[in-house]
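Please examine the sequence and the model shown below before reading on.

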Amino acid sequence: MASEEQVKLLLIRSSPFAMSCALALNHKGVKFEVVEEKFPNKSELLLKANPVYKQVPVLLHNGSSISQSLVIVEYIQEAWPDPSLLPQSPYERALARFWADYINNKFIETGLKLMKKFGEEHETARKDIVQQFVTLEKGMIGEGPFFMGGRMSLVDVALVPLVPWMASFETLGELKFPDAEQCGRMHRWLAAMRENSNVIASVPDSDWLLSYTIKLRGYISEHFPGGV
(Lines give C-alpha, C1' and ligand atoms only; values in the text may rest on other atoms or scores of the structure.)
Protein backbone atom coordinates (compact mmCIF):
# COMPACT_ATOMS: atom_id res chain seq x y z
CA MET A 1 0.00 0.00 0.00
CA ALA A 2 1.36 3.44 -0.89
CA SER A 3 2.03 5.72 2.05
CA GLU A 4 -0.34 8.63 2.54
CA GLU A 5 0.84 11.91 1.08
CA GLN A 6 1.87 14.57 3.56
CA VAL A 7 0.62 18.01 2.60
CA LYS A 8 0.99 21.11 4.75
CA LEU A 9 0.16 24.73 3.99
CA LEU A 10 2.04 27.41 5.92
CA LEU A 11 -0.06 30.53 6.09
CA ILE A 12 -1.22 33.61 7.91
CA ARG A 13 -4.98 33.49 8.25
CA SER A 14 -5.45 36.94 6.69
CA SER A 15 -3.14 36.34 3.71
CA PRO A 16 -5.08 36.66 0.43
CA PHE A 17 -2.44 34.61 -1.37
CA ALA A 18 -2.77 31.75 1.12
CA MET A 19 -6.53 31.73 0.54
CA SER A 20 -5.93 30.99 -3.13
CA CYS A 21 -3.70 28.03 -2.30
CA ALA A 22 -6.20 26.66 0.20
CA LEU A 23 -9.01 26.87 -2.37
CA ALA A 24 -6.92 25.05 -4.98
CA LEU A 25 -6.28 22.21 -2.52
CA ASN A 26 -9.90 22.05 -1.37
CA HIS A 27 -11.18 22.14 -4.96
CA LYS A 28 -8.94 19.15 -5.74
CA GLY A 29 -10.08 17.28 -2.64
CA VAL A 30 -6.55 17.20 -1.22
CA LYS A 31 -6.32 16.67 2.52
CA PHE A 32 -3.83 19.07 4.06
CA GLU A 33 -2.68 20.39 7.41
CA VAL A 34 -2.78 24.12 8.07
CA VAL A 35 0.31 25.46 9.84
CA GLU A 36 -0.48 29.00 10.94
CA GLU A 37 2.28 31.56 11.30
CA LYS A 38 1.88 34.36 13.83
CA PHE A 39 2.54 37.82 12.34
CA PRO A 40 5.08 39.44 12.63
CA ASN A 41 7.09 36.43 13.87
CA LYS A 42 8.57 33.91 11.44
CA SER A 43 8.99 30.32 12.54
CA GLU A 44 12.06 28.20 11.95
CA LEU A 45 9.94 26.03 9.67
CA LEU A 46 9.00 29.02 7.48
CA LEU A 47 12.58 30.29 7.28
CA LYS A 48 13.80 26.83 6.31
CA ALA A 49 10.99 26.20 3.82
CA ASN A 50 11.22 29.62 2.11
CA PRO A 51 14.73 30.99 2.73
CA VAL A 52 14.55 33.39 -0.25
CA TYR A 53 11.36 35.40 0.42
CA LYS A 54 10.75 34.27 4.02
CA GLN A 55 7.01 34.72 3.44
CA VAL A 56 3.82 32.70 3.42
CA PRO A 57 2.21 30.89 1.77
CA VAL A 58 4.44 27.84 1.49
CA LEU A 59 3.25 24.40 0.42
CA LEU A 60 5.04 21.37 1.88
CA HIS A 61 4.42 18.20 -0.11
CA ASN A 62 6.14 15.07 1.15
CA GLY A 63 8.95 17.23 2.54
CA SER A 64 9.47 19.39 -0.57
CA SER A 65 8.66 23.11 -0.28
CA ILE A 66 7.04 25.34 -2.90
CA SER A 67 6.52 29.08 -2.43
CA GLN A 68 4.78 32.00 -4.20
CA SER A 69 1.03 31.54 -4.52
CA LEU A 70 0.61 31.21 -8.29
CA VAL A 71 3.59 28.85 -8.44
CA ILE A 72 1.97 26.81 -5.66
CA VAL A 73 -1.37 26.70 -7.49
CA GLU A 74 0.31 25.61 -10.73
CA TYR A 75 2.13 22.90 -8.75
CA ILE A 76 -1.17 21.75 -7.24
CA GLN A 77 -2.64 21.56 -10.75
CA GLU A 78 0.24 19.36 -11.94
CA ALA A 79 0.40 17.17 -8.83
CA TRP A 80 -3.37 16.60 -8.69
CA PRO A 81 -4.67 17.17 -12.25
CA ASP A 82 -8.38 16.52 -11.61
CA PRO A 83 -10.60 18.42 -11.52
CA SER A 84 -8.56 20.74 -13.69
CA LEU A 85 -8.18 24.44 -12.94
CA LEU A 86 -7.09 25.12 -16.52
CA PRO A 87 -9.24 25.11 -19.67
CA GLN A 88 -8.50 22.67 -22.47
CA SER A 89 -7.49 25.05 -25.25
CA PRO A 90 -4.00 26.62 -25.22
CA TYR A 91 -5.48 30.08 -25.79
CA GLU A 92 -7.89 29.85 -22.87
CA ARG A 93 -5.10 28.48 -20.65
CA ALA A 94 -3.00 31.50 -21.56
CA LEU A 95 -5.96 33.77 -20.85
CA ALA A 96 -6.51 32.18 -17.44
CA ARG A 97 -2.85 32.70 -16.54
CA PHE A 98 -3.00 36.31 -17.77
CA TRP A 99 -5.96 37.19 -15.55
CA ALA A 100 -4.58 35.30 -12.55
CA ASP A 101 -1.35 37.28 -12.85
CA TYR A 102 -3.28 40.56 -13.19
CA ILE A 103 -5.30 39.76 -10.09
CA ASN A 104 -2.27 38.80 -8.00
CA ASN A 105 0.09 41.55 -9.07
CA LYS A 106 -2.34 44.42 -9.69
CA PHE A 107 -5.73 44.01 -8.03
CA ILE A 108 -4.78 42.30 -4.75
CA GLU A 109 -1.58 44.31 -4.35
CA THR A 110 -3.52 47.53 -4.89
CA GLY A 111 -6.02 46.43 -2.25
CA LEU A 112 -3.25 45.74 0.25
CA LYS A 113 -1.93 49.27 -0.25
CA LEU A 114 -5.19 50.51 1.27
CA MET A 115 -4.02 48.90 4.52
CA LYS A 116 -0.28 49.54 4.27
CA LYS A 117 0.09 52.95 2.62
CA PHE A 118 -0.78 56.52 3.56
CA GLY A 119 -1.06 59.90 1.84
CA GLU A 120 -0.69 60.06 -1.93
CA GLU A 121 -0.04 56.33 -2.37
CA HIS A 122 -3.22 55.50 -0.45
CA GLU A 123 -5.24 57.98 -2.50
CA THR A 124 -3.92 56.52 -5.75
CA ALA A 125 -4.78 52.99 -4.59
CA ARG A 126 -8.35 54.11 -3.77
CA LYS A 127 -8.88 55.19 -7.37
CA ASP A 128 -6.99 52.33 -8.98
CA ILE A 129 -8.79 49.47 -7.25
CA VAL A 130 -12.23 50.68 -8.36
CA GLN A 131 -11.05 50.88 -11.97
CA GLN A 132 -9.44 47.45 -11.67
CA PHE A 133 -12.74 46.03 -10.39
CA VAL A 134 -14.39 47.35 -13.57
CA THR A 135 -11.56 45.88 -15.67
CA LEU A 136 -12.22 42.46 -14.15
CA GLU A 137 -15.95 42.81 -14.94
CA LYS A 138 -15.08 43.46 -18.58
CA GLY A 139 -12.64 40.54 -18.66
CA MET A 140 -15.14 37.87 -17.63
CA ILE A 141 -16.01 35.46 -20.44
CA GLY A 142 -18.52 32.71 -21.19
CA GLU A 143 -21.76 31.77 -19.47
CA GLY A 144 -22.01 30.59 -15.90
CA PRO A 145 -21.10 31.80 -12.42
CA PHE A 146 -17.32 31.55 -12.74
CA PHE A 147 -14.87 34.01 -14.27
CA MET A 148 -14.38 31.90 -17.39
CA GLY A 149 -17.84 30.37 -17.59
CA GLY A 150 -19.23 27.18 -16.14
CA ARG A 151 -16.23 25.76 -14.26
CA MET A 152 -13.91 27.02 -11.57
CA SER A 153 -10.53 27.96 -12.99
CA LEU A 154 -7.16 29.39 -12.01
CA VAL A 155 -8.71 32.87 -12.27
CA ASP A 156 -11.37 32.14 -9.64
CA VAL A 157 -8.70 30.74 -7.33
CA ALA A 158 -6.64 33.92 -7.71
CA LEU A 159 -9.65 36.21 -7.21
CA VAL A 160 -11.23 34.38 -4.26
CA PRO A 161 -9.55 36.64 -1.63
CA LEU A 162 -11.99 39.36 -2.72
CA VAL A 163 -14.79 37.40 -1.02
CA PRO A 164 -13.61 38.11 2.55
CA TRP A 165 -11.45 41.15 1.73
CA MET A 166 -14.13 43.23 -0.06
CA ALA A 167 -15.45 44.84 3.14
CA SER A 168 -11.90 45.59 4.28
CA PHE A 169 -10.97 47.19 0.97
CA GLU A 170 -14.05 49.40 1.09
CA THR A 171 -13.57 50.39 4.74
CA LEU A 172 -9.81 50.95 4.64
CA GLY A 173 -10.10 52.83 1.35
CA GLU A 174 -13.25 54.73 2.30
CA LEU A 175 -14.73 53.69 -1.04
CA LYS A 176 -17.55 51.70 -2.60
CA PHE A 177 -17.10 49.27 -5.44
CA PRO A 178 -19.53 49.62 -8.37
CA ASP A 179 -22.89 48.03 -7.56
CA ALA A 180 -24.66 45.15 -9.29
CA GLU A 181 -26.25 47.44 -11.88
CA GLN A 182 -22.82 48.59 -13.02
CA CYS A 183 -20.89 45.35 -12.58
CA GLY A 184 -23.48 42.59 -12.62
CA ARG A 185 -21.16 39.71 -13.47
CA MET A 186 -18.71 40.53 -10.68
CA HIS A 187 -21.53 40.60 -8.15
CA ARG A 188 -22.98 37.33 -9.48
CA TRP A 189 -19.50 35.86 -9.17
CA LEU A 190 -19.24 37.08 -5.57
CA ALA A 191 -22.64 35.60 -4.72
CA ALA A 192 -21.69 32.23 -6.23
CA MET A 193 -18.36 32.15 -4.41
CA ARG A 194 -19.98 32.96 -1.06
CA GLU A 195 -22.18 29.86 -1.45
CA ASN A 196 -19.42 27.52 -2.66
CA SER A 197 -18.48 24.98 0.04
CA ASN A 198 -14.81 24.87 -0.96
CA VAL A 199 -14.58 28.66 -0.81
CA ILE A 200 -16.24 28.69 2.61
CA ALA A 201 -13.63 26.17 3.82
CA SER A 202 -10.75 28.23 2.39
CA VAL A 203 -11.33 31.83 3.50
CA PRO A 204 -11.86 33.49 6.89
CA ASP A 205 -15.00 35.29 8.01
CA SER A 206 -15.17 38.78 6.50
CA ASP A 207 -16.20 40.41 9.80
CA TRP A 208 -13.19 38.89 11.56
CA LEU A 209 -10.94 39.99 8.71
CA LEU A 210 -12.30 43.55 8.78
CA SER A 211 -11.61 43.83 12.52
CA TYR A 212 -8.11 42.39 12.03
CA THR A 213 -7.18 44.67 9.13
CA ILE A 214 -8.38 47.80 10.96
CA LYS A 215 -6.18 46.88 13.92
CA LEU A 216 -3.25 46.09 11.64
CA ARG A 217 -3.56 49.42 9.84
CA GLY A 218 -3.49 51.11 13.25
CA TYR A 219 -0.34 49.19 14.14
CA ILE A 220 1.31 50.17 10.84
CA SER A 221 0.29 53.82 11.33
CA GLU A 222 1.82 53.87 14.82
CA HIS A 223 5.06 52.07 14.05
CA PHE A 224 5.58 52.86 10.35
CA PRO A 225 3.92 56.25 9.69
CA GLY A 226 5.38 56.36 6.19
CA GLY A 227 3.73 53.04 5.32
CA VAL A 228 5.27 49.66 4.59
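Trp208 and Tyr212 are separated by about one helical turn, because they lie four residues apart in helix H10 (residues 206-223). Helices here are DSSP runs of H or I with at least four residues, numbered from the N terminus. The model is predicted: local features need pLDDT of at least 70 and side-chain atom pairs count only at pLDDT 80 or more, while totals for chains, interfaces and linings use all residues. Residues are numbered from 1 along each chain as its sequence is written, and side-chain values use heavy atoms, without hydrogens and water.

The ring centres of Trp208 and Tyr212 are 5.3 Å apart and the planes meet at 15°, so this pair is stacked. Rings of Phe, Tyr and Trp (its six-membered ring) pair if their centres lie within 6.5 Å; planes under 30 degrees apart are stacked, over 60 edge-to-face, and the rest tilted. Trp208 is partly exposed at 28% relative accessibility, and Tyr212 is also partly exposed, at 23%. Buried means under 20% relative accessible area, exposed over 50%, and partly exposed in between (1.4 Å probe, protein chains only).

The charged end of Arg13 sits over the ring of Trp208, 3.9 Å from its centre. This term requires NZ of Lys or CZ of Arg within 6 Å of the ring centre and within 35 degrees of the ring normal.

## Aromatic pairs across the chain

Seven aromatic pairs are found in the whole structure. One of them joins Trp99 and Phe147, whose ring centres are 5.8 Å apart with planes at 55°, so the pair is tilted. Trp99 belongs to helix H4 (residues 90-116), whereas Phe147 lies in the loop between helix H5 (119-139) and helix H6 (154-159); the two are 48 residues apart, and their pair links distant parts of the chain.

Trp99 is buried, at 11% relative accessible area, and Phe147 is buried as well, at 1%.

## The largest pocket

The largest pocket has a volume of about 950 Å³. Its lining comprises 33 residues, of which Phe17, Gln55, Val56, Leu112 and Lys116 are closest to the centre. On a 1 Å grid over the protein atoms alone, a pocket is an open set of points where a 1.4 Å probe fits, with protein on both sides within 12 Å along at least five of seven lines; lining residues have an atom within 4 Å of a point. Grid points are joined across faces, edges and corners, and the volume is the space filled by probe spheres set on them.

H4 contributes the most to this lining, with six residues.
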